[in-house]
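I looked up each point in turn.

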Amino acid sequence: MSASDAPSVRRHLERLAAEGIDVVRVTYPDLIGTERARDVLLDHLPAACDHGLAFCRAVYHTSPQGDTVPVPGGLDAGLPDICVHPDLDALTALPWEPGVAACLGDVTDPATGLPAPESPRDLLRAVVERCAEHGLRPVVGPELEYFLCDAAPETESGWRRYSEAQGVVYTAGLRADGDNHLLRTLRMLRDLGIGVSGGNHEYDGSQFEINLTHSDALEAADRAFRFKAAVKELARKEGRLATFMAKPFNSAGGSGFHLHLSCVDEDGAGAFADPAAPYGLSATARHAVAGVLAHAPALAALANPTVNSYKRFGPDTLAPWLIDWGLDNRSAMVRIPPERGAATRFELRLGDAGANPYLLIAGTLAAALLGVLAGEEPPAPLEGYGYDSARSAVLPGSLPAALDALEADTALTDLLGKDFTASYLTYKRDEVARFQRHVTDWEFTEYAYHL
């Protein structure tokens, strides 16, 4: 909807007022996928739609600790503005906050009127448009895991796992969830209207997975972004912490962000199915898999975007650390589920839950598209249990190595955009530098008494 469409804005105002809503929360993702927002009183919404909401562009360059990273166009340019226009067609009442509705915002550079270079949502839009130029419409189904924590002031972190129950993988009900967190959360997310289909307790105590339905790529990213924000907000409302951090505990496994990807062609038919082709996969599907494998080292910088991400990897973790693919094989980085026909797809298991949904999906689509354009076949699929480095190449083992791989992959960065890539690399390398200067608890425990 155009921000200058005054009659449409009035209709939205009348509807919201009739529903008892007096505040609209305009949100958008920052570079790491965290929700940034402003609450706008209903009477001031027309002005926000007309002129936009001004934010400092350095919101994209601000670390989780509040440092402003010197990304070009931020500090060096005098901390200029970005402008966020509410998308009222995406308005949704927040079930847990009476009187408040939320919508996403479109971010532009007021100097040019173009999308802000660091805008993750616009990066994904651009990649989807490139796919459309080649007759492909990506369809994505996200799967995310997270840990729920209770406050524990006596501990160093201030948090402990909500439940220590073990052996309760793929369960529901009070057996693993004594306070019915999952049921309450599912119902709230259903009412939010983001396409939640179900959920269960996962492998480790206090770890949960909630599934989202599949949709066009941008809508899937929007829903995954809103899902993560909602789960964290619902936990805060109860004095708890929901974290999508890749591996928050030494005593537990990590949390994944798996993507199911298929494509529809210009005629609306599934582009990944071909019963007569090897494995029942069309040439488009096989080439897409080959592209994801070829660009996996660079893709890791977006799919596994934190220092902590690489502690999730390792043998017997079901988190891929080798570059391989397999037919219904969960030990492979790319898994082909057994369904065929319209449900033919691949599941990328590389991402961890800390990934920015827009960047993970954009990077995956870009790699798949490059594979389709290159027309190369993938190697033979993995057979049996994986994690054998004699059979497959190893992914980057650290964030610095993944960032170097991203910078070196010029085919992928050309598709993602040089401005975005430069900003992302600068931001993330600052994160690495700050970590390398920080003295950790492990170092003190390991060395202080003995040295």
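What volume does the second largest cavity have? I read a value of about 40 Å³ for the second largest cavity. I note at the outset that the model is predicted.

Entry on the count. I looked for cavities of 30 Å³ or more and found that the structure holds two.

Entry on the second largest cavity. I listed its lining residues as Leu-31, Ile-32, Leu-302, Pro-305, Asn-356, Leu-359, Tyr-424 and Lys-428. Sorted by class, this lining has six nonpolar residues, one polar residue and one charged residue.

Entry on the largest cavity. I recorded about 60 Å³ of space in the largest cavity. Its lining includes Cys-131, Leu-136, Pro-138, Leu-261, Cys-263 and Phe-272. I also found Thr-284, Ala-288, Leu-365, Ala-368, Leu-369 and Val-372 among the lining residues. I then asked which elements give two or more residues to this lining, and these are strand 13 (257–264), helix 6 (283–294) and helix 8 (357–374). Helix 8 gives the most, with four residues. By class, the lining of the largest cavity has 11 nonpolar residues, one polar residue and no charged residues.

Entry on the surface. I turned to a nonpolar surface patch of about 400 Å², which is made by Trp-442, Tyr-447 and Leu-451. I located Trp-442 in helix 12 (residues 441–447). Is Trp-442 buried or exposed? I class Trp-442 as exposed because its relative accessible area is 52%, and the cut-off for exposed is over 50%.

Key:
Residues numbered from 1 in each chain as written. Predicted model: local features only at pLDDT ≥ 70, side-chain atom pairs only at ≥ 80, totals over all residues. Heavy atoms only, no water. 1 Å grid on protein atoms, 1.4 Å probe; cavity = no way out; pocket = protein on both sides within 12 Å on 5 of 7 lines; lining within 4 Å. Points joined across faces, edges and corners; volume = space filled by probe spheres on them. Nonpolar A, V, L, I, M, F, W, Y, C, P; charged D, E, K, R; others polar. Patch = residues over 30% accessible without salt bridge, like charges linked within 9 Å, V, L, I, M, F, W, Y side chains within 5 Å. Areas by Shrake-Rupley, 256 points an atom, 1.4 Å probe, with all protein chains shown as cover. Salt bridge = Lys/Arg side-chain N within 4 Å of Asp/Glu carboxyl O. Buried < 20%, exposed > 50% of the residue type's maximum accessible area, 1.4 Å probe, protein only.
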